[in-house]
Amino acid sequence: MKLKEIERTAVQAWSPANNHPIYLATGTSAQQLDASFSTNANLEIFEVDFRDPSLDMKQKGALPASNRFHKLMWGNFGNGSAEPSGVLVGGGDNGVLTMYSVQRILTSKGDPVIGQTEKHSGPVRALDFNPFQSNLLASGANDSEIFIWDLNNFSVPMTPGTKSQPHEDISVVSWNRQVQHILSSAHPSGKAVVWDLRKNEPIIKVSDHSNRMHCSGMAWHPEVATQLVLSSEDDRLPVIQIWDLRFATSPLSQLEGHTRGVLAVSWCQADPELLLSSAKDNRILCWNPSMGEVVYELPIRSQWCFDVQWCPRNPSVFSAATFDGWINVYSVMGGNLEAQQRTQADKISSSFNNLDPFGTGQSLPPLQVPEQVTQTTLIPPLKKPPKWIRRPVGVSFAFGGKLITFGHTKAPGQQMQQTYPHQVFISQVTTETEFLLRSKELQMALQSGNLLDYCQGKIQTAKLPVDENLWNFLKVNLEQDSRTKLLKLLGYSKEDLQKKITSCLSNGIPDKQPLPEAGDKNAGPDQLLMNSSDDVAAVSSSSAFFDNLIPQNMSTLEIPVTEDTDGLISQALLLGNFEGAVELCMRAERFADAIILAIAGGDKLLKETQKRYFAKQKTNLSVLLSSIVQQNWQDIVCMCDLQSWKEALAILLTYSKHEDYTQLCDMLGARLESEGDAALSNDACLCYISSGNVERLVECWVKNHETSSPLALQVQAL
Amino acid sequence: LLPQVSVINTVDTSHEDMIHDAQMDYYGTRLATCSSDRSVKIFDVRNGGQILIADLRGHEGPVWQVAWAHPMYGNILASCSYDRKVIIWKEENGTWEKTYEYTGHDSSVNSVCWAPHDYGLILACGSSDGAISLLSYTGDGQWEVKKISNAHTIGCNAVSWAPAVVPGSLIEQPSGQKPNYIKRFASGGCDNLVKIWKEEEGQWKEEQKLEAHSDWVRDVAWAPSIGLPTSTIASCSQDGRVFIWTCDDASGNSWSPKLLHKFNDVVWHVSWSITANILAVSGGDNKVTLWKESVDGLWACISDVNKGQGGVSAVTEGQQNEQ
């Protein structure tokens, strides 16, 4: 498929692979004249823009040249700094070698010629840039003359060694693609010489014994360092020979397909199995050199192509220069020429400049160009799929976060023998990895019921103390006797505290410490905060200042846990050791605290405490209190002053339980009856009434009132 | 949190040459593979198994890609090859057979992609002859062909359909009317361009030309959509660059590129996860990397998938894109 064309009788050079966009440089060809017999020379640069479907190439720079060109080369020298687009080197007549700055040609700023020498004799037909060192250029001319130029020092060339004998023209020079100090040169006689620049001498000469080879082209294998091809221009032997320097006595194989002499060869750098050749039979062929077969053929053209070149950047593209004055750019991927026709239609359409050239107010319909069936020549693509189209790796996502991957494994140093693994991997991609893992763990724990281990695991992996505590608590919560363990986690062990309390009570330590005064409430927390540090004084004085600033009602609850009474009490309370706490309170004569605590501590403790309290307090009221509190009504009944019998009865009425009441009333009554005087005996009756003890009432009544009275009868009747 | 990638199934395809594509069907139960050995194979991979269901022969060259049609149309697989053919395979009564063969391209057919099922059974095919073909099933075993000639000079390497979701439909109030879907797809080619094509009155027109790559575009992937206003396309290239293209306006006219990363080697393939929040990138260095956009819009590599080891290898955390 033809992509681009330009009418030039010129030698050509592609921009290097790393250059973007792709350019094609043309220089007026030296040994051809057209009918005008003009000897002007031009150097031009065209942009090869495949986004534009037309066959045209945009000229990006041009300059008249002093010499016509035998050979043009585009190198990377200075690329990236001094010469962002590299340099062009042209070989001309009379040994002239000219170096141009591509940047200056493109921008038309400054003198584009940045170097020129005339060291060679005769036309400079052979040029090549070293693929490893962009500053090294090899050139060849007449008289077996080969020079190696360091572009940093363009004036003084080096030689690869003594000139080969007999003297003859150099048609091609070419650097080895693998070993940077190896250079080869080819001569029209059919001989090729391989030079080692380190040894500064030719190391091997390759020539066919038939002596009919007439070397027009030469190329090193892109990947195998010891192989090269030579093409023969001789019509009697229109072949391409493949040589391997390891067996340099005869060619490895011969590619035979052209019917007349081969004019040029170009080996594809992107796929060593593609070798282009053009010949005097007007054909351009692409070979698979290893198989010896033609994999692509461009249809017969009317004229010879004297030069073919693969595009270094776009591997399916090559250019061909013909003697009839055209440079064409083709793709080896096949296709037909339909695009070209459409382009012509577009061209005609656009030549009208606007869509309404006649001002009719209606835009013209698109031009219908009659289809020329003869032109839709179908060019089949390469028989062999080129390397660059074969996707070696791949990845694709699938439902459920699955990832499908496959690919080659490139074993280092095994460039020729790649293995193609036949596995495809299906992977699970989980983005919220940790989350899912945690969820899974929890699910498992819940299912198995083994929550303690789960918590234990969490405790061990916890990073923050807070987390660890949390998991400890959760774990303990799930255990038996969780409360005790929780307390232990809090730092309160019942056993330890009991010991403390015991020792405290026995040593009487807390007694030595003064109890906090009512007006000194902050002292406790302060002491806690200050602990026993040396600079207590200074700090406490300043902190006291702040304490005073804080309103009393703003102060927060601080639970003292020190070793004094307060501390011990609170610790005992934290652990629910009411007995101990009460004991401490009693000891400190904080009866109110003791009683309050005892209430919380349960009946038994309360009674105990009350008993002890009353045992300590010996006032009238306290007996009453004691009796009431302890519900010891009998004491009251038995011990009360008989004059206070009313009060005693009131107490009984108020407090005593129903079943005891009768008995207690009777007891009171009995006391009044037996111990008291007559008045009191009467009162005894009231007691009996209260108790509902009719018999005793009547008895008492009768005793007090000798005469029978209706009341007695009435009462009895009742 | 970094993702975990663990191999759950290694399918030995027994292909005799390089594998070029492997695709799971809609439900993730079957795997289709294709190779330079000219064959297409289908495996049942349920429950970690790998049972060969079909070994499809019919292509006469390397088979580049396979694509599963939506299951509502049955079990249908398309394949494309260097032999310039597109073959549509169909399972009938448990047997896979060729149901249609398209030979309308003049060069290697490099990519096939089925349109969203809402549009019917439509297959887009990109070829090295520069054209893109659209094959629509019209019933009774008939296929209608539309061809975009010279879509990409020198060749089209990839095609990918836009989801059948109107951008922004998630946010905007449903009007009650059937949404007015516009068929679109993206393509990438040897002219270094990503192009967006749009159907207007039954004709396919070039809607956008996205220029950022400096070498062949190897793959394009239009991201699935849940109806957010932004449309997203990923493209990768021979130049080692992966670009994320986004378009926020409803008309679909202003696309802007963001460089995801510049790799040292050719990038062959990009693939979005179903939820479109992870992009998998496969390069010539034989590495698969997963990328995710952070809240601040930066793309970060979240995982390196080492195929040889079949699991997660060293994870390059916070490997930021090099703008």
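Me: What are strands in this predicted model, and in which loop does P21(A) lie?
Reply: Strands are DSSP runs of E with at least two residues, numbered from the N terminus. The model is predicted. By that numbering, P21(A) sits in the loop between strand 2 and strand 3 of chain A.

Me: Is strand 3 of chain A largely enclosed or largely open?
Reply: A residue is buried when its relative accessible area is under 20%. Strand 3 of chain A spans residues 23–28, and six of its six residues are buried. Therefore the rest of the structure leaves strand 3 of chain A largely enclosed.

Me: Which residues of strand 3 of chain A are buried on each side?
Reply: In a regular strand, side chains alternate between the two faces of the sheet. On one side of strand 3 of chain A the buried residues are Y23(A), A25(A) and G27(A).

Me: Which residue of strand 3 of chain A is the bridge partner of A13(A)?
Reply: Strand 2 of chain A, residues 10–14, pairs with strand 3 of chain A in the antiparallel sense, over five bridges. The partner of A13(A) in strand 3 is A25(A).

Me: Which residue of strand 4 of chain A is the bridge partner of T26(A)?
Reply: Strand 3 of chain A is also joined to strand 4 of chain A, residues 41–47, by five bridges, and the two run antiparallel. In strand 4, T26(A) has as its bridge partner E44(A).

Me: Is S108(A) buried or exposed?
Reply: S108(A) is in the loop between helix 1 (102–107) and strand 9 (113–117) of chain A. Its phi is near 55°, a positive value in a residue other than glycine. The relative accessibility of S108(A) is 64%, and the cut-off is over 50%, so S108(A) counts as exposed.

Me: How does N200(A) count by relative accessibility, and what is the value?
Reply: N200(A) is found in the loop between strand 16 (191–196) and strand 17 (201–207) of chain A. N200(A) has a positive phi, near 60°, and is a residue other than glycine. N200(A) counts as partly exposed, because its relative accessibility is 40%.

Me: How far apart in space are A678(A) and K703(A), C-alpha to C-alpha?
Reply: A678(A) is in helix 19 of chain A, residues 678–691. A678(A) is exposed, with a relative accessible area of 56%. In sequence A678(A) and K703(A) are 25 residues apart, while in space their C-alpha atoms are apart by 9.9 Å.

Me: How many helices and strands does chain B have?
Reply: Chain B has 323 residues, and 59% of them count as buried. Among its contacts between residues at least 6 apart in sequence, 44% join residues at least 24 apart. The elements of chain B are zero helices and 27 strands.

Me: Which side chains make polar contacts of 2.7 Å and 3.1 Å with that of H59(B)?
Reply: H59(B) lies in the loop between strand 5 (51–57) and strand 6 (63–68) of chain B. H59(B) counts as buried because its relative accessibility is 6%. Leaving aside neighbours within four places in sequence, its contacts include R38(B), K85(B) and W89(B). The polar contact of 2.7 Å is with S79(B), and the one of 3.1 Å is with D83(B).

Me: How much space lies in the largest cavity?
Reply: There are five cavities of 30 Å³ or more. The lining of the largest cavity includes I389(A) and R391(A) as well as W64(B) and W268(B). By class, that lining has three nonpolar, three polar and two charged residues. The space in the largest cavity is about 140 Å³.

Me: Which residues are closest to the centre of the second largest pocket?
Reply: The second largest pocket holds about 1,400 Å³ of space. Of the 47 residues that line this pocket, the closest to its centre are W68(B), C113(B), W114(B), P224(B) and I274(B).

Note on methods
Residues numbered from 1 in each chain as written. Chains lettered and ligands numbered in written order. Predicted model: local features only at pLDDT ≥ 70, side-chain atom pairs only at ≥ 80, totals over all residues. Heavy atoms only, no water. 1 Å grid on protein atoms, 1.4 Å probe; cavity = no way out; pocket = protein on both sides within 12 Å on 5 of 7 lines; lining within 4 Å. Points joined across faces, edges and corners; volume = space filled by probe spheres on them. Nonpolar A, V, L, I, M, F, W, Y, C, P; charged D, E, K, R; others polar. Helix = DSSP H or I, 4+ residues; strand = E, 2+ residues; numbered from the N terminus. Buried < 20%, exposed > 50% of the residue type's maximum accessible area, 1.4 Å probe, protein only. Polar contact = N/O pair within 3.5 Å; in protein donor to acceptor, adjacent residues only side chain to side chain. Contact = heavy atoms within 4.5 Å. Pairing = 2+ DSSP bridges.
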